[in-house]
Amino acid sequence: MVARDDGLYWIDSDLHRTHFLLVETSCPCGCERNEMKQVFIDRLEHFRRLLGDKPIIVTSAFRCPVYNATIPGAVQNSDHTRGLAADVVVHNDERPITELARIAVAVGFDGVGDYADGHLHVDLGGKRHADGGPRQWTG
């Protein structure tokens, strides 16, 4: 269920329109489900602001369990299926992917993965290291 929207864009907790379209966070299989959590959308918008309002393209966000099962390497209880994860690309930013990942950690994501192709995975799945720090990986 969509927490808040204006029919086209997500609305943040402060009732401002975000930069994220509902369609770009919906399951791409055609089921039209979108169960992204408001707290995640708010965190993604905050990440965008810290990047200097650079465009963030969401390449994968909510996935229904049926679609998630078709993704190679995806785990059954993926944070994507709970509306708490997205794979994104930051456009028009010359910083290395490792620097973008560092900023994502500073925003407070629980998990941050950076990939050689320029994608970042960010999540609020609640799974952190024993020391309280975020999970980080390079793929």
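The questions and answers below concern salt bridges in a predicted model.

Local features here need pLDDT of at least 70 and side-chain atom pairs count only at pLDDT 80 or more, whereas totals for chains, interfaces and linings use all residues. Residues are numbered from 1 along each chain as its sequence is written, and side-chain values use heavy atoms, with hydrogens and water left out.

User: How many salt bridges does the structure hold?

Analyst: Side chains of opposite charge can pair when their charged atoms come close. A salt bridge is counted when a side-chain nitrogen of Lys or Arg lies within 4 Å of a carboxyl oxygen of Asp or Glu. By that criterion, the number of salt bridges in the structure is 6.

User: Is Asp79, which meets Arg82 in a salt bridge, buried or exposed?

Analyst: The N to O distance between the side chains of Arg82 and Asp79 is 2.5 Å. Buried means under 20% relative accessible area, exposed over 50%, and partly exposed in between, with a 1.4 Å probe and protein chains only. Arg82, at 35%, counts as partly exposed, while Asp79, at 7% relative accessibility, counts as buried.

User: In which helix do Glu99 and Arg102 both lie?

Analyst: Glu99 forms a salt bridge with Arg102, with the closest N and O atoms 2.8 Å apart. Glu99 is partly exposed at 25%, and Arg102 is partly exposed at 46%. Helices are DSSP runs of H or I of at least four residues, numbered from the N terminus. The two residues are 3 residues apart, about one turn, and both lie in residues 97–107, helix α4.
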